[in-house]
Amino acid sequence: LLFFGFQCFVFYSVVAWLPTIAKTAGLSGDQASMIAGLLQLFALPFAFAVPVLAAKMTNRQPIMLAAGIASMLGAVMMFFSVNSFAYFCVVALLLGAGSTTTFVLAMTLFGLKTKSAADTRNLSGMVQSIGYLIAALGPVIVGNLNAQTHNWAASVVVIFVAAFLFTVFGMLAERHQYI
């Protein structure tokens, strides 16, 4: 639940605020919009490959760790106000790869971590209902921190901490084969 909630927290915060962060760094409105689109485009290969790969693995901790590191690195890069389209393309790649990998992995794990359809249904319902409540706080917290501090530093720290937390909880979730 916490893995799912915090990974969605990161994704929704990034989707909502990455273009504005890029624009604040000096990119034009067109470039910032392109970064938003590239974030989604870069996510596509991971959306298709990760579920297939995860289903073949018995220990998915390496995927969890790689996705977490990508997301944390992308968050760290957002901390620096670099006026470069190429720089923000790398940020979009890291955040798109990390957040998409964790989302599709979470969805795949519902079936992989349970022994029956009823257990899958129950786990999915519980995780998504509470997890999306956690996730919904992301853009609000990130935006309000920016409004209060008049810069993105505190907001990016919150995104980084959420990425760290989903990495830790994802690694813990993989300790046991079934729930």
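Modeller: Helices (H or I, at least four residues) and strands (E, at least two) are DSSP runs, numbered from the N terminus. The model is predicted, so local features need pLDDT of at least 70 and side-chain atom pairs 80 or more, while totals for chains, interfaces and linings use all residues. Residues are numbered from 1 along each chain as its sequence is written, and side-chain values use heavy atoms, leaving out hydrogens and water.

Let's start at the surface. Leu73, Val76, Phe79, Phe80, Val157 and Val161 make up a nonpolar patch there, with about 510 Å² of accessible area together. Two elements, α3 (61-79) and α6 (153-173), each give two or more residues to this patch. The largest share, 3 residues, is from α3. Patch members have over 30% relative accessible area and no salt bridge; like charges are joined within 9 Å, nonpolar side chains (Val, Leu, Ile, Met, Phe, Trp, Tyr) within 5 Å. A salt bridge puts a side-chain nitrogen of Lys or Arg within 4 Å of a carboxyl oxygen of Asp or Glu. Areas come from the Shrake-Rupley method with a 1.4 Å probe, and for residues only the protein chains shown count as cover.

Val76 lies in α3 and is partly exposed, at 35% relative accessible area. Here, buried means under 20%, exposed over 50% and partly exposed in between (1.4 Å probe, protein chains only).

Now follow α6 inward: it is among the elements covering the buried residues of α5, along with α1 and α4 (85-112). Those buried residues include Leu123, Val127, Ile134 and Val142. Helix α5 covers residues 117-149. Its 33 residues should span 48 Å at 1.5 Å a residue, and its end C-alpha atoms are 47 Å apart, which agrees. (The expected span is 1.5 Å times one less than the number of residues.) Arg121, also in α5, is exposed at 55%. Its C-alpha atom is 42 Å from that of Asp30, 91 residues away along the chain. After α5 comes His150, with a positive phi near 65 degrees.

At 1% relative accessibility, Gln7 is buried. Beyond its neighbours within four places in sequence, Gln7 is in contact (heavy atoms within 4.5 Å) with Ser99, Thr102, Phe103 and Phe166. The Gln7 side chain also reaches the backbone nitrogen of Phe103 at 3.4 Å.

Note on methods. Polar contact = N/O pair within 3.5 Å; in protein donor to acceptor, adjacent residues only side chain to side chain.
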